[in-house]
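Morning, everyone. Let me put the model up, and then we'll walk through a few spots.

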Amino acid sequence: MVMEGNNKCGCWAAISRGIGGACGTSPVAAASANTIPRTSLVHDSATEARYLNASNREMNIPFETMFSEENGNKSPPKDKSSCEPLQFTFQELKIATGNFRPDSILGEGGFGYVFKGWIEENSTTPAKPGTGITVAVKSLKPDALQGHREWVAEIDFLGQLHHPNLVKLIGSCIEDDQRLLVYEFMPRGSLENHLFRRSFPLPWSNRIKIAIGAAKGLAFLHGNAKPVIYRDFKTSNILLDMEYNAKLSDFGLAKAGPQGDKTHVSTRVVGTYGYAAPEYIMTGHLTSKSDVYSFGVVLLEILTGRRSIDKKRPHGEQNLVAWARPNLGDKRRLLHLVDPRLELNYSIKGVQKVAQIASYCLSRDSKTRPSMDVVVKNLTPLQDLNDLAYNSFRSRSSQRAPAQSKPTG
């Protein structure tokens, strides 16, 4: 897992943002005065905006119980055909990262650092820099309680879930007070980096490819025999390989979804303002449709090049959903929402379809939001569109150009 450039950007929600780990007891009655107020599931747009604009920080509710208690001591879904993560010694990872030297740091945050390292393939043996396979080693500070909970969650979920659009957990280390995780190295960093921190705009074709890959990752989690709710879907948790294939990272807040006749899971509210579904913020009721809402927010970020919450923008534009949603169904006004850095290098039909999908995902009624399987099905054809706005604009310009007057006499 790599964090390129500014160490505030990112691969790790908990590292780049200081976000809390897995949550505590589930009953709403356990909420203290410090928790986000919970009201009826029915709410209007004004109420929604009030909650989503509340802060440009992570929702970080204190722990009261261990991660295992929140999940009812139930094991997460297993993929029996997969290999178990490797067990590293602290000395092996120390050598692999060059003694955790400062110039190998990929990022840092509230509970630890991420280091770049090298190991022999299919082995815990350290390799010389530039040989073997490149890995990202996440180290937990000894006194980071929340980080330990997330460390446990990462192993519980990523250690047993395997999919091309989920980042691969290679192994872990627990030795005395040392807690480390070893992941595959993602050379292009996070989607957040490319959308908001790079001077060169991310091409439209790559944006669609990334959206499809991320959607497939969520669809896999939701469609598992024992469904998993990701709970912290955002641009900083979508990592990219060299071919811009998207992989979901950081499962510290993931939670086993409802099963049987249960419609939701009641939890403490954790996640990131601007991405979390309004009904989850206000009631603590968590469903797969909570992830669908978050996906809709990310689609808007991909479309507009704007952050979900940006206090630097003028009043009325600081909350991306509140600003963009009224215009998603208007074809003329919609084009004014497109990331200006793309200029006219985007598909007109693609933009219209992305806006339509985002609108459905952001429905205030969670029951009317589509499943991620449906989202994948609707996004996939968009990668083959070639109706660039530039060509359309040039065609219209040539048609409107006045004919040259003929000389007289």
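Start at Lys234. Lys234 counts as buried because its relative accessibility is 2%; buried means under 20% relative accessible area, with a 1.4 Å probe and protein chains only. Lys234 sits in the loop between strand S8 (228–229) and strand S9 (238–240). What does the side chain of Lys234 make a polar contact with? The side chain of Thr272, at 2.9 Å. A polar contact here is a pair of N or O atoms within 3.5 Å, one able to donate a hydrogen and the other to accept it.

A word on the source. This is a predicted model, where local features need pLDDT of at least 70, side-chain atom pairs count only at pLDDT 80 or more, and totals for chains, interfaces and linings use all residues. Residues are numbered from 1 along each chain as its sequence is written, and side-chain values use heavy atoms, leaving out hydrogens and water.

Next, helix H9, residues 288–304. H9 has 17 residues and spans 25 Å from first C-alpha to last, close to the expected 24 Å at 1.5 Å a residue. Of those 17 residues, 16 are buried. Thr287 caps the N-terminal end, with a side-chain oxygen 3.1 Å from the backbone nitrogen of Lys289. Just after H9, Gly305 has a positive phi of about 75 degrees.

Last, a helix pair. H12 (residues 348–361) packs against H13 (residues 372–379) at about 170 degrees, axes 11 Å apart. So H12 is roughly antiparallel to H13; that term covers angles over 145 degrees. Lys353, Ile357 and Cys361 in H12 meet Val375, Asn378 and Leu379 in H13, contact meaning heavy atoms within 4.5 Å.

Technical notes
Helix = DSSP H or I, 4+ residues; strand = E, 2+ residues; numbered from the N terminus. Expected span 1.5 Å × (residues − 1). Buried < 20%, exposed > 50% of the residue type's maximum accessible area, 1.4 Å probe, protein only. Axes fitted to C-alpha atoms, helices over the stretch in contact; angles between N-to-C directions. Parallel < 35°, antiparallel > 145°, perpendicular 65-115°, else oblique.
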